[in-house]
Amino acid sequence: MAGRILIGSAAFLRRAISTSNLTSSFQEIHHVSAKPVPTSFNHPKISRNQSNLLHKIGFTQSQIRDFLSQNHLFLTNSNFQDIEASLPVLLSFKIPPKDLVSTVIDCPAVLDLEFLKKWEVSLSLIELPNVSVSVIRSMLVLSKRFQLDPSIFRRTVDLLKRFGLSDAAVTRVLEDYPEIVFTNEEEILRTIEFLMGIGIRKDEIDRIICSIPRVLGFRVDGRLKSLISEFNDLGFNQNVIAREIVREPRILATELGEVSRCLELLGRLKCRNSIKEKIFRDGALRAAFEVKQRVDCLCKHGLIRTRAFKLLWKEPRLVTYEIENIEKKIDFLIHKMKFGVDSLIDVPEYLGINFEKQIVPRYNVIEYLESKGWLGSQVGLREIIKPSRLRFYNLFVKPYPECGKMFGKFAGDNKTESPSRHPIGLWTVFKPQRYPESKEDTKNMKSFMESLV
């Protein structure tokens with residue numbers, strides 16, 4: 001019995017000792033994990049220096065915090081003195097503060113001092129009269145991101161000028177399509193020769209490249225030949241194709257099959273002949289490209305392509321409207337009226353009526369009535385746009401006189417005399433001449449009247 005008590009007490013002591021050791025171990029682990037991990041923010045001197053440097057570049061306080069937290073590893077592995085010395089070189093490129101901040105955020109490695117010194121030398125050797133800020137920015141980011149030697153841009157400029165492009169065209173290419181440095185020299189030459197082969201003059205090619213620099217990256221065998229073949233299959237001859245490309249170079253940026261689908265839509269339109277004549281006034285190819293632009297505009301604001309084509313079929317007048325006008329109406333619909341872009345499918349007339357004279361006054365009236373709580377139910381886009389001007393006036397304006405000014409003058413509510421088209425007193429000129437009446441005339445008139453009785 002005593003032995004069992006001794007054995008039990010020994011086991012209890014072993015469990016207590018192991019438990020106390022385990023508890024002390026957890027306390028040590030908790031103590032170790034509670035120690036702060038060293039970061040740049042735990043070193044006030046480094047963080048303050050980096051913050052001051054970024055502030056000189058143009059960073060705001062929130063941008064500085066985000067940049068330091070996201071690029072801690074890069075800043076830790078870099079020499080702060082070198083980064084500080086790179087700042088005067090970077091500022092010498094005269095990049096606007098806003099663009100400079102976005103450049104550093106997109107590619108922090110542009111703060112490398114050796115890289116900037118090489119760029120400073122290479123930039124002075126580029127034979128362009130005025131190297132724009134956007135060119136410098138795009139080339140800096142591209143060369144550092146892909147570890148390119150800065151001299152490659154100088155060689156690209158010399159190559160494009162040797163092919164006969166103007167300084168303006170070369171600048172546009174470097175601004176909008178800096179990836180030209182990856183394009184093969186033979187491929188660039190083939191693209192230029194292909195455009196000349198379809199009837200485009202050399203001076204017109206320069207204008208096309210200024211309008212759409214990315215055409216130099218289109219492969220002749222892969223895209224350009226297929227696109228021209230599609231136009232030929234649709235019935236357009238070479239002269240029409242060349243003329244339309246020169247007038248609107250962005251036709252070359254259309255995807256295969258887009259023009260065919262747009263022409264199919266134009267063939268199914270049901271509208272007045274006057275609208276059709278206005279759509280096709282510059283030819284079928286140009287009309288198809290105008291449809292493509294409107295579809296892209298509608299898709300940019302959230303419609304899928306199928307619905308965008310359906311909307312154009314319902315409201316053909318959109319093809320004749322300016323894209324800026326369409327975008328202004330859609331922005332007002334989404335941000336001011338708080339309707340979704342899909343509501344246009346049910347009410348396509350919204351894009352067809354006048355913005356200043358009808359859309360804005362009607363919305364102002366509805367917004368005022370809603371703010372006063374005078375509308376019994378929710379008024380949708382259909383109830384705002386579909387009614388005629390007279391019906392909308394009778395429903396929402398006439399019962400509330402204070403809405404008259406918002407809606408504007410309506411025929412019959414404020415009768416005003418129309419101004420005379422002739423000068424005052426002009427009627428006297430056309431007044432017939434009066435002759436004096438004699439006694440004999442009076443006697444004859446009386447006898448005539450008596451004979452009638």
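A cavity is taken here as a set of points, on a 1 Å grid over the protein atoms alone, where a 1.4 Å probe fits but cannot get out, and lining residues are those with an atom within 4 Å of a point. Grid points are joined across faces, edges and corners, and a volume is the space filled by probe spheres set on the points. The structure is a predicted model, in which local features need pLDDT of at least 70 and side-chain atom pairs count only at pLDDT 80 or more, while totals for chains, interfaces and linings use all residues. Residues are numbered from 1 along each chain as its sequence is written, and side-chain values use heavy atoms, with hydrogens and water left out.

By this rule the count comes to 1 cavity of 30 Å³ or more, and the largest cavity has a volume of about 50 Å³. The lining of the largest cavity consists of Phe163, Gly164, Leu165, Ile192, Lys202, Ile205 and Asp206, with the greatest contribution, 3 residues, coming from α12 (helices being DSSP runs of H or I of at least four residues, numbered from the N terminus).

Helix α12 (residues 202–211) also packs against helix α10 (residues 167–176), at an angle of about 30 degrees and with the axes 8 Å apart; axes are lines fitted to C-alpha atoms over the stretch in contact, and angles run from 0 to 180 degrees between N-to-C directions. That makes α10 roughly parallel to α12, where angles under 35 degrees count as roughly parallel, over 145 as roughly antiparallel, 65 to 115 as roughly perpendicular and the rest as oblique. In this pair, Ala168, Ala169, Arg172 and Val173 of α10 meet Asp206, Ile209, Cys210 and Ser211 of α12, contact meaning heavy atoms within 4.5 Å.

Val157, Leu160 and Lys161 of α9 make the contact with Asp167, Val170, Val173 and Leu174 of α10.

The largest pocket (an open set with protein on both sides within 12 Å along at least five of seven lines) has a volume of about 300 Å³. Of the 16 residues that line the largest pocket, Arg281, Glu290, Arg294, Val319 and Glu322 are the closest to its centre. At least two lining residues each are supplied by α16 (273–279), α17 (284–300) and α19 (323–336), and α17 gives the most, with 5 residues.
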